[in-house]
Amino acid sequence: MTNTSTVARGGDSFPAPGRRRHAPQRPAKARGLSPRAVPYVLLAPGLLVIAGLLLYPLGQMIVISFQKVGIPQINGKKPATWEGWDNYTRVLDNEIFWSSLRNTLVFAAVTVTLTLVLGTAVGTLLNRLSKKMSTFVVIGIMSAWAVPPVAQGVIWRWLFDADAGMINWALNLLPDGLSELLFGRSDWTGEPWLNDAFTIYLVLIVCVLWSSFPFVAVSVLAGLKGIPAELYEAARVDGATPWRIFRKITFPLLKPVFSVLTILSIIWDFKVFSQLYVLMGGPNNREAFNLSIFSFAEAFRSPPKMGVGAAIAVILTLILLVVTAVYIRQIVKTEDLR
């Protein structure tokens, strides 16, 4: 009689005598892995990537900011020498740093405000449109958001070009009387919009606003879809105006969304580089520098002073951390008071 692995009894299968059933796999705790450690183990690969791509370069930047790094150090002919706080002293004693800081702060304040206001208005409008029309508009505005920063600068530099720009061409189409009434002149041929720091930043604000508000609009639209329609219907029945509805219902419920969008906009607008670089045609106009352009100019323009450029970058990073921390603290305080 041959051996069989199982014996059937009453329709059920049982292991044959002499056969051992495989032991069940031990749980994680039995293998020595604490349940509390499981999330950290799963996050470890991502944290390693972040450390390699972000934290290590940040640490290197901080180290270089205390050193003298130029052409001889880059070529390996001389080792980097320790400068201590001298690079930071040079930066703070430079008048260009303070004008760059002013340009950065004013530009960020204006652009963040306009981006949030326009994005919220467009998001509210999209919420009132039909599904097909809303999808069509979203695709259109997101096309602007998807344009790379360098291409954005090229587009707007061409629009405001003194010789072949469409802005001068369009202004020349206005009737002379209307142009004189509005602007005090009728001939716009050869107008050098991008030679003056003030007009450069006006163009930069329009450029960044054009490419930034779609993200805010779509984010606000997503948040509005999660608000129950009954709240708006009840408010309209009570006779609330659209502004009161937004102030009492929409804004409080979307406050977490606005908080995240504000922080992201501050970070992005503080670090604007590519668009301004292209609009200026390089780091040529010192009056139009922001901190990013100033850092690049000090680090790479002849003679390169990478230690000074790194010090400016560290200062910019610290400013961003302080601004973000203060804003988050205000959010937390507001939530605690509610």
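1. The model contains one cavity of 30 Å³ or more. A cavity here is a set of points, on a 1 Å grid over the protein atoms alone, where a 1.4 Å probe fits but cannot get out. The model is predicted: local features need pLDDT of at least 70, side-chain atom pairs count only at pLDDT 80 or more, and totals for chains, interfaces and linings use all residues. Residues are numbered from 1 along each chain as its sequence is written, and side-chain values use heavy atoms, with hydrogens and water left out.

2. The largest cavity has a volume of about 40 Å³, a volume being the space filled by probe spheres set on the points. Its lining residues (an atom within 4 Å of a point) are Thr-115, Ser-212, Phe-215, Val-216, Leu-261, Leu-264, Ser-265 and Trp-268. Helix H9 (197-225) and helix H12 (255-270) each give two or more residues to this lining, and H12 gives the most, with four. Helices are DSSP runs (H or I, at least four residues), numbered from the N terminus.

3. By class, the lining of the largest cavity has five nonpolar, three polar and no charged residues. Asp, Glu, Lys and Arg count as charged; Ala, Val, Leu, Ile, Met, Phe, Trp, Tyr, Cys and Pro as nonpolar; the others, Gly among them, as polar.

4. Ala-151 lies in helix H6 (residues 149-159). Ala-151 counts as partly exposed because its relative accessibility is 28% (buried is under 20%, exposed over 50%, partly exposed in between, with a 1.4 Å probe and protein chains only).

5. Leu-53, in helix H1 (residues 38-64), is exposed, with a relative accessible area of 61%.

Conventions: On a 1 Å grid over the protein atoms alone, a cavity is a set of points where a 1.4 Å probe fits but cannot get out, and a pocket is an open set with protein on both sides within 12 Å along at least five of seven lines; lining residues have an atom within 4 Å of a point.
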